[in-house]
Protein chains: 2
Amino acid sequence: MDPSTNEDGVGLAFALLASAARMAERIDEGVARRGFSGLRPTHGFAFAYLAPAGGTVTGLAAHLGVTKQAAAQLVDELEAKGYVRRGPHPRDARARLVELTEAGRACTRAAEEAAAEAAGAWSEAIGADRMALLRRDLERMAEGGPIRPTW
Amino acid sequence: MDPSTNEDGVGLAFALLASAARMAERIDEGVARRGFSGLRPTHGFAFAYLAPAGGTVTGLAAHLGVTKQAAAQLVDELEAKGYVRRGPHPRDARARLVELTEAGRACTRAAEEAAAEAAGAWSEAIGADRMALLRRDLERMAEGGPIRPTW
DNA sequence: CCCTGATGGTCAAGCGCCTTGACCATTGCG
DNA sequence: CGCAATGGTCAAGGCGCTTGACCATCAGGG
């Protein structure tokens with residue numbers, strides 16, 4: 001394989017991973033600044049899954065790409081902090097429906113604002129038109145597989 | 001803040017994080033497929049730091065954004081697997097110079113190929129011209145801070 | 001020329017988050 | 001109805017990282 005082609009791939013890969021790291025940091029920092037402390041990015045992915053209509057622990061596990069035990073532990077933590085509530089599942093007595101509380105929704109909004117803030121800063125640097133393109137391309141790349149990063 | 005603006009930011013953020021996750025997976029998988037097993041993405045970042053001229057454990061720690069103990073442990077592991085070698089430092093008797101072995105360089109090349117492969121597949125989907133733009137924008141975003149993601 | 005603070009490195013202990021493994025309750029299909 | 005499949009939990013363990021303490025060496029000012 002042509003080495004110079006490798007160079008390009010490596011450059012893109014590093015840029016992608018590093019910029020994602022920056023993004024995660026900024027959102028985390030923005031969320032904390034809005035008064036929600038002790039939350040890690042993984043929690044954000046959980047919120048995103050639960051926000052529309054709640055969900056099950058197993059569903060969350062699949063969404064995050066972790067075992068259901070890990071997901072259950074995450075939910076325990078969020079429940080203890082008052083961000084989610086476990087209730088009976090309407091159509092399955094085995095399952096429990098996990099839903100966001102009002103605090104959870106407030107936290108979700110804070111995360112959205114933080115994400116918008118980070119994206120906005122970036123948009124200023126490269127231009128809004130580029131930003132739209134960028135998003136489309138990234139979404140294309142992101143297809144398939146769980147959300148939570150492995151490394 | 002305008003909610004629709006939030007939506008955009010969230011979309012971009014998720015796309016970025018998820019696509020980075022896919023990229024890490026693909027590289028990891030590509031490296032494993034080339035015969036280098038038991039290596040995690042963090043190791044790749046270490047290789048990248050050490051490749052040009054070697055380095056110290058403390059320098060590596062700063063590069064990765066972890067404690068020097070964690071970096072030392074990483075180097076122990078890489079040394080045990082034969083990818084790096086610890087030698088005396090030419091200008092500082094306190095420090096030890098960590099360098100890639102031939103196996104380490106081979107592994108680095110494999111990682112580069114895997115990254116190029118992943119980037120190539122992506123390039124086919126969105127076009128090479130977009131790809132160049134994308135890389136520039138991402139590099140701009142990535143500036144500052146250690147490489148290794150926090151989450 | 002030393003003394004002293006800064007720096008590179010290591011040892012030891014602990015912790016957070018995740019995994020594997022086993023198990024129970026409920027479901028829904030043959 | 002019977003039984004594999006599914007949702008969930010309990011228990012134990014591990015891996016990678018952190019904090020804390022420590023030693024050896026370096027470097028600059030008295």
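A search of the whole structure, a predicted model, turns up 1 cavity of 30 Å³ or more. Here a cavity is a set of points on a 1 Å grid over the protein atoms alone where a 1.4 Å probe fits but cannot get out. The lining, meaning residues with an atom within 4 Å of a point, consists of Arg130(A), Leu133(A), Leu134(A), Asp137(A), Arg130(B), Leu133(B), Leu134(B) and Asp137(B). At least two lining residues come from each of α6 (128-142) of chain A and α6 (128-142) of chain B. By class, the lining holds 4 nonpolar, no polar and 4 charged residues; Ala, Val, Leu, Ile, Met, Phe, Trp, Tyr, Cys and Pro count as nonpolar, Asp, Glu, Lys and Arg as charged, and the others, Gly among them, as polar.

Some conventions are handy at this point. Residues are numbered from 1 along each chain as its sequence is written, while chains are lettered from A and ligands numbered from 1 in the order in which they are written. In this predicted model, local features need pLDDT of at least 70, side-chain atom pairs count only at pLDDT 80 or more, and totals for chains, interfaces and linings use all residues, with side-chain values based on heavy atoms and with hydrogens and water left out.

Sugar and phosphate make up 56% of the atoms of DNA strand D that come within 4 Å of the protein. Phosphate oxygens of DNA strand D are found 3.0 Å from a polar backbone atom of Arg96(A), 3.0 Å from an N or O atom in the side chain of Arg40(B), and 2.9 Å from a backbone N or O atom of Ala93(B). Two or more residues of the surface near DNA strand D are given by each of α3 (57-64) and α4 (68-80) of chain A and α4 (68-80) of chain B. Helices (H or I, at least four residues) and strands (E, at least two) are DSSP runs, numbered from the N terminus. This surface has 6 nonpolar, 6 polar and 8 charged residues.

DNA strand C has 20 residues around it, of which Arg40(A), Gln69(A), Thr58(B), Lys68(B) and Arg94(B) come nearest. Of the atoms of DNA strand C within 4 Å of the protein, 56% belong to sugar and phosphate. Bases are reached as well: a polar side-chain atom of Lys68(B) lies 2.5 Å from a base nitrogen of DNA strand C, and one of Arg94(A) lies 3.5 Å from a base oxygen. A polar backbone atom of Val57(B) is 3.2 Å from a phosphate oxygen of DNA strand C. The elements giving two or more residues to this surface are α4 of chain A together with α3 (57-64) and α4 of chain B.

As for the fold, chain A contains 6 helices and 2 strands, in the order α-α-α-α-β-β-α-α from the N terminus. Of its 151 residues, 46% are buried, that is, under 20% relative accessible area (1.4 Å probe, protein chains only). In chain B, helix α2 (residues 41-50) is largely enclosed by the rest of the structure, because 7 of its 10 residues are buried; among them are Phe45(B), Phe47(B) and Leu50(B).

Conventions. Near = heavy atom within 4 Å. Polar contact = N/O pair within 3.5 Å; in protein donor to acceptor, adjacent residues only side chain to side chain. 1 Å grid on protein atoms, 1.4 Å probe; cavity = no way out; pocket = protein on both sides within 12 Å on 5 of 7 lines; lining within 4 Å. Points joined across faces, edges and corners; volume = space filled by probe spheres on them. Buried < 20%, exposed > 50% of the residue type's maximum accessible area, 1.4 Å probe, protein only.
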